[in-house]
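Subject: Structure handover

Hi,

Here is the structure I promised to pass on. Please open it next to this email and follow along.

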Amino acid sequence: MSLQLTQGFINELEALCARYPKREAALLPALRLLEQEFGSVTEEGMAAVAKRIGVSPAKVYGVFTFYTHYRRPTDGKYLLQVCATLPCALRGGLDLAGHLGNRLGIRPGETTPDGLFTLKKVECLANCDKAPCLQVNDDYVDVVNPETADEIVERIRSGTWKPELPPYSIPTTKYEPILLKHVLERDSFTVDHYLARGGYKQAERVIRTMKPAEVIELVKQSGLRGRGGAGFPTGMKWGFVPAASPKPKYLICNDDESEPGTFKDKMLTERDPHRVIEGILIAAWAIQSHSAYVYIRGEFGYGAQVLRRAVDEAAAKGFLGAKCFGADYRLDVTVHRGAGAYICGEETGLITSLEGNRGYPKIKPPFPAVEGFFRSPTIVNNVETLACLPLILGNGIDWFRKFGTEKSPGTKIFCLCGHVQRPGLYELPLGLPLREMIYDLAGGLPEGRALKAVIPGGSSAAVLTVDEVDVKMDFDSLAAAKTMLGSGGVIVMDDRTCMVEALWNILRFYHHESCGQCTPCREGTGWLDKILARLETGRGRPEDLGIVLEVCDEMVGRTICVLADAAAMPAKSIVQKFRPEFEAHVAQQGCPFKKNGQTRTVPVELAAENR
Amino acid sequence: MPKVKINGKEVEVAPGTLALKACLEAGVFVPHYCYHPGLTPAGNCRMCLVKVSNSRKLEASCMYPCTDHLEITTEGPDIDKARRDVLEFLLINHPLDCPICDKSGECALQDYTYTYRRGVSRFVEPKNIRPTKDLGPNIKIWGNRCIVCTRCVRFCEEISGTGELCVVNRGDHAVVDVFPGVPIDNPLSLNVVDICPVGALIDKNFLYSARVWFAQETKTVCATCSRGCNALVTSLDGRIKRIVARPNAAVNQYWMCDEGRRNFEYVASKRRLDSRRGTFEEMTSAARAIVKRYGSGSVGGVVSTYQTVEEMHLFAKLMKALEAPAPGILTAERGARQVFPGGFVIEADKTPNRAFAVRLWGEASVQDGLARVVTDIDGGRIKGLIVLNGIPHPPWPQAFLAAMEKLEFLAVIDILQSPVSDRASVVLPGTAWAEKDGVFVNVDRRAQRIHCVVPPPAGARLEVDTLQMALVALGARQAVVSAETVFGECAREYSEFAGLDYAKLGEHGVGLPEATESVSAAP
């Protein structure tokens, strides 16, 4: 088992290692390098990389098997990755997977005998407004129906497949977007475009004229709250960094957007990366960090490309590097690609992953602000949060506070998906009623359908029923309604949606994404998935509903991170709010919706059976 | 020093002490799987949840640092429920194959399930399957039993520093594994079997060889090197089945090397000496006759550093009674001293009691080994020789074997048949280290008790008995007493043992002060 690495490979690997405080942090990108060089990650490749980086091969193997996005030697030339998570499933994603499976004569996870195709069902690709979506290798294909799927297969077979960047779109509303204002403009991702609209002025002003403490104070005053899910005040988080600590400080931009129903950071990354970089400059200055990392999810191959180019452009202009804007301040930005693990969106899981490990969350305290990346003070901020900073600095606190509510100021990019007429990104002031978003802005539900349920903040949020949609969409109002704003992923479900199947889909996601560290989450998510599978497929028992609720209670608050809670919250709320539907599944020993031929959330296996 | 209250009782702890450690040290048991005192905590099994005054949630006590005035509650209906819940979770994908599991009877899953009366599961789904496979020459994993506590992975990273183990896959498919083609194969590998809290990692050598509840467990000390790791020997029907580590912070922390664990096969070897050739009377009368004929110094001795303090003490007396010069010292060194990243040490000296030989005969004498004896035999000064050896496979020097031929008389007290015993006119089978009581002094001058674990072969006799009978026959001793009483003599004779007896040595031994009187050289 020995593989000769080329000098070019070694040089690239060494350059990667040099970008991190410790060599092993280069492990994830090193596996990507193997992918590029050898087409997949092989055992020989892992052993060679382990030796070169200076870690045990077992460590590399543990890391490799944790992440789902690396290419395996058994994968075909074209990986057809169908999103199977709820927002896509609501719009036919599972049917699409079934169709492709039938077309290719293989089941998900299998490769065609000619080695051309591997079909995979994958979890949320953060492209929910373009559902159902498909990723062919690294390239997204939007709104794929059986006909377009067939066409893709044929074009690949005939060698005429050329991936195209899907067109971007944002629904227009009476609310003028601020963060998303320029994303549809031609060349919006270039540094020249950004400079032409006044870009990098704020970062320059901050670095040249403001003290870090002043920046922190200003952001505190602005009331900006984290846009990644938890809604923690950004300035306060920065304030926890011990300024006097002799250790290096790190800023990490969380671009691991994976919460089902959320697809905003993808847009900001791909279409306005310089705004994000300017945000990084401001935040890094505030905490006096000289190394920033953008942890971008593995599926965003194009986004990573755009960001890297943007970083290079900014560096070439002298905005990044040894003397940012000519000032005596150094900042290096490294774009670090993940590899397919939802848990790496959790800030401590992200940090562990960035250190070159399986993405295991860490117990808090110590909080990352005090002890994070390689035990140094670290701030992890979401893409959208960072993108707000140039605007707050440029327009002032009063301007920012004009939008939204007292406790949730500013705009928020909501991601409307599922059964709405106009799915897409809606940048809105915080505090608008959910009803207005669904009916007035997103055009309501498809004709002839009625609203049944809404998940207001990504699939980890508790579900709201049709009677609860007058709630205001801000952090505190949603908390009062026993759910959460989360990442702003609004998943709308109509009256034909089987809630049992919807929950099964959600729980399958958490089962798939549980890191497996803590017992209650590792075992509980799998258990719930299996119970829901039985309920939906006609093998439910009356006592199962009670067991689901009990198991949820036994998971909540008992684990290192909140993934267990994130699985339990939707589960409990859906069972409690739609109990009769569950009881009907038990009583009828099957799915009433399927019997009526109404469901679109059909899992592949069943779809195959039905045909 | 922060003061914390554990179940209402105030105790003082070192700053930064983790709550679980504080509880265990205060004698309050908190169940746990992933926590191990010799490894960095992981906080993943969630079994050690307790209530702390600073938090509304239950907290994993293994990761919760004690701060001043912290109140820790380790029991209560909600805590017990949380632990029962964790146990149910742990067992849903577990095969419950206790009847054929090697760990049965010493399994923390069984024990806590019993404690918390978690007898019924609500789980009716199909269980996940994870493979049963070899992980290395000594170790096999039953994947289905693994609870992914990562103790073994942390051991290989932190203690052995070899890093062969990892967790592969994610969620409830996660399991411990090795990199394909790179087995776990290091000098400390079997420690991972010791610390596996369930029946996942199994020592292939012990597999299906004993139900532990029928077996005996004896606390003793390993004789494989001069480190003297504290050990626990499992035996059944008079046969040793396995040796595992017994914690002793001053010697071996929680660990033991694989060689030490395997160093018992010779005890039941077919090559064991089990019938006497000649008697102790023949030995003493022949020796006395040689001294009478050739004078002082014509009878010599060889003693190995595998012998106990008591045996060496009596052997020194025998040498004195026979007017012999200082004996040759048989030692066994192999390789270099190995220090592992976790601080564990394997000594190059492969015998357990060199320190006491140095105490009796001096470092120079021990260094000299058998050289002077060989010279004396070759020079015709030594005509008769008494050899006392306990080293299983001693490195007899060729020159010594050649010198044997020149002796008029050779008596051997040994455990295994050897070229030396083949040449002897008197052969008195001795006992292996696991067949006797006694004391070893380790490389750090710590006196530790060894215990009789299994009976010696039929024809063998305790060395302390043989030596005392010889001394009685020579008129140099009144009576034959137990090894414990002989140690009492040692305590009176050697200042560093002053005041010590078997009871005081306890389970973990006693660090010895420097000897105050000068080393007693040869008479």
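Asn7(B) is partly exposed, with 14 other C-beta atoms within 10 Å. (A residue is buried if 20 or more other C-beta atoms lie within 10 Å of its own, exposed if 12 or fewer, and partly exposed in between; C-beta atoms are placed from the backbone.) Asn7(B) sits in the loop between β1 (3–6) and β2 (9–12) of chain B. Helices (H or I, at least four residues) and strands (E, at least two) are DSSP runs, numbered from the N terminus. The phi of Asn7(B) is positive, about 50°, although Asn7(B) is not a glycine.

Arg117(B) is another non-glycine residue with a positive phi, near 55°. Look for Arg117(B) in the loop between α3 (108–115) and β6 (132–134) of chain B. Is Arg117(B) buried or exposed? Arg117(B) is exposed, with 10 other C-beta atoms within 10 Å.

As background, most residues other than glycine have a negative phi, and most peptide bonds are trans.

**Before you read on**

This is a predicted model: local features need pLDDT of at least 70, side-chain atom pairs count only at pLDDT 80 or more, and totals for chains, interfaces and linings use all residues. Residues are numbered from 1 along each chain as its sequence is written, while chains are lettered from A and ligands numbered from 1 in the order in which they are written.

**Chain B overall**

Chain B has 523 residues, and buried residues make up 51% of them. Its secondary structure comes to 16 helices and 23 strands. The C-alpha atoms of chain B fill a box of roughly 90 × 50 × 35 Å along the principal axes.

The domain assignment gives chain B domain 1 (3–75) and domain 2 (280–333 + 347–511). Domain bounds come from an automatic or database domain assignment. Taken over C-alpha atoms, the centres of these two domains are 50 Å apart.

Now the contacts. Two residues are in contact if their C-beta atoms, placed from the backbone, lie within 7 Å. Take the contacts in chain B with a separation of 6 or more: residues 24 or more positions apart account for 67% of them.

Chain A is divided into domain 1 (7–66), domain 2 (78–157), domain 3 (191–402), domain 4 (411–494) and domain 5 (499–610). The C-alpha centres of domain 1 and domain 4 of chain A lie 42 Å apart.

How many residues of chain A are in contact with chain B? There are 35, and they touch 36 residues of chain B. On the chain A side, the elements that give two or more residues are α4 (57–66), α20 (499–513), α21 (519–536) and α22 (543–555). The largest share, 10 residues, comes from α21(A). By class, this side has 13 nonpolar, 14 polar and 8 charged residues. (Ala, Val, Leu, Ile, Met, Phe, Trp, Tyr, Cys and Pro count as nonpolar, Asp, Glu, Lys and Arg as charged, and the others, Gly among them, as polar.)

**Helix pairs in chain A**

Start with α13 (residues 273–287) and α14 (residues 301–316) of chain A. They pack at an angle of about 60°, with their axes 9 Å apart. Axes are lines fitted to C-alpha atoms, for helices over the stretch in contact, and angles run from 0 to 180 degrees between N-to-C directions. α13(A) and α14(A) are therefore oblique to each other. (Angles under 35 degrees count as roughly parallel, over 145 as roughly antiparallel, 65 to 115 as roughly perpendicular and the rest as oblique.) Pro273(A), His274(A) and Ile277(A) in α13(A) meet residues of α14(A), including Val306(A) and Leu307(A). The contact has 7 nonpolar, 1 polar and no charged residues.

α13(A) also packs with α10 (residues 212–222) of chain A, at about 120° and with the axes 7 Å apart. From α10(A) come Pro212(A), Val215(A) and Ile216(A); from α13(A) come Ile282(A), Trp285(A), Ala286(A) and Ile287(A). This contact has 7 nonpolar, no polar and no charged residues.

Helix α15 (residues 347–354) of chain A is mostly covered: 8 of its 8 residues are buried. Just after α15(A), Gly356(A) takes a positive phi of about 95°.

The peptide bond from Ala131(A) to Pro132(A) is cis, with omega near -10°. Another cis peptide bond joins Pro365(A) and Pro366(A), with omega about 5°. Pro366(A) lies in the loop between α15 and β8 of chain A.

Best wishes
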